[in-house]
Amino acid sequence: MGRLVHFEIHVDNMDRAKKFYGEVFGWAFEDWSEFAGMPYFGAVTGGEDVPGINGALMQRQSPPPEANQPLNGYACTMGVEDYDATETKILNNGGAVALPKYALPGMAWQGYYKDTEGNIFGIHQPDVNAK
């Protein structure tokens, strides 16, 4: 079985991206650049006691995709406790709405955003009362 064990977010400005993900989601970063041979920072997204995976920010190796093109890759979704508070952090730290908050009826609130590097990601707040 091929279970997802790691993710990479391609970035143009490493410091800006580390600040964004650190401020919005509380991620910590470890410099793995020596091993990767390029700017590459491991992203610790939570403790071992919480379900999820860790990943990395890596230096983008080519021009980013053009605006308004379909996603060519994977969109990661972060679980959050308070959708609206997280959206405020995203917007206050330079992110933008890609697809506004919507209900997954009886399950959760979901929405998609662009980070400071133009990458799409989702946030997801479980809520059985969502409609």
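A residue is called buried when its relative accessible area is under 20%. By that cut-off, strand E3, residues 40–44, is mostly covered in this predicted model: four of its five residues are buried.

E3 has a pairing partner in strand E2, residues 28–31, and the two run in the antiparallel sense over four bridges. In this pairing, Glu 30 stands opposite Gly 42 of E3. E3 also pairs with strand E4, residues 55–59, again in the antiparallel sense and over four bridges. Here Tyr 40 has Met 58 of E4 as its bridge partner. In a regular strand, side chains alternate between the two faces of the sheet.

## Helix H3

The start of H3 has a contact between a side chain and the backbone: a side-chain oxygen of Asp 82 comes to within 3.2 Å of the backbone nitrogen of Asp 84. After the helix comes Gly 94, with a positive phi near 100 degrees.

## The largest nonpolar core

The largest nonpolar core has 22 residues. Those touching the most other members are Tyr 21, Phe 25, Trp 27, Phe 121 and Ile 123. Two or more residues come from each of strand E1 (7–11), H1, E3, H3, E7 and E8. H1 gives the largest share, six residues.

Trp 27 shows what one of these core members touches. Leaving aside neighbours within four places in sequence, Trp 27 is in contact with Phe 7, Ile 9, Tyr 21, Gly 22, Ala 43, Val 44, Thr 45 and Met 78. Among these contacts, Tyr 21 is also one of the residues that touch the most other core members.

## An exposed loop residue

Asn 68 lies in the loop between E4 and strand E5 (76–79). Is Asn 68 buried or exposed? Its relative accessibility is 75%, so Asn 68 counts as exposed, the cut-off for exposed being over 50%.

The backbone of Asn 68 has a phi near 65 degrees, which is a positive value in a residue other than glycine. Gly 94, the residue with positive phi after H3, is a glycine.

Conventions:
Residues are numbered from 1 along each chain as its sequence is written. This is a predicted model: local features need pLDDT of at least 70, side-chain atom pairs count only at pLDDT 80 or more; totals for chains, interfaces and linings use all residues. Side-chain values use heavy atoms; hydrogens and water are left out. Buried means under 20% relative accessible area, exposed over 50%, partly exposed in between (1.4 Å probe, protein chains only). Two strands pair if DSSP finds at least two bridges between them. A polar contact is a pair of N or O atoms within 3.5 Å; within protein, one must be able to donate a hydrogen and the other to accept it, and residues adjacent in sequence count only if both atoms are side-chain atoms. A nonpolar core is a set of buried Ala, Val, Leu, Ile, Met, Phe, Trp, Tyr and Cys residues joined through side-chain atoms within 4.5 Å. Contact means heavy atoms within 4.5 Å.
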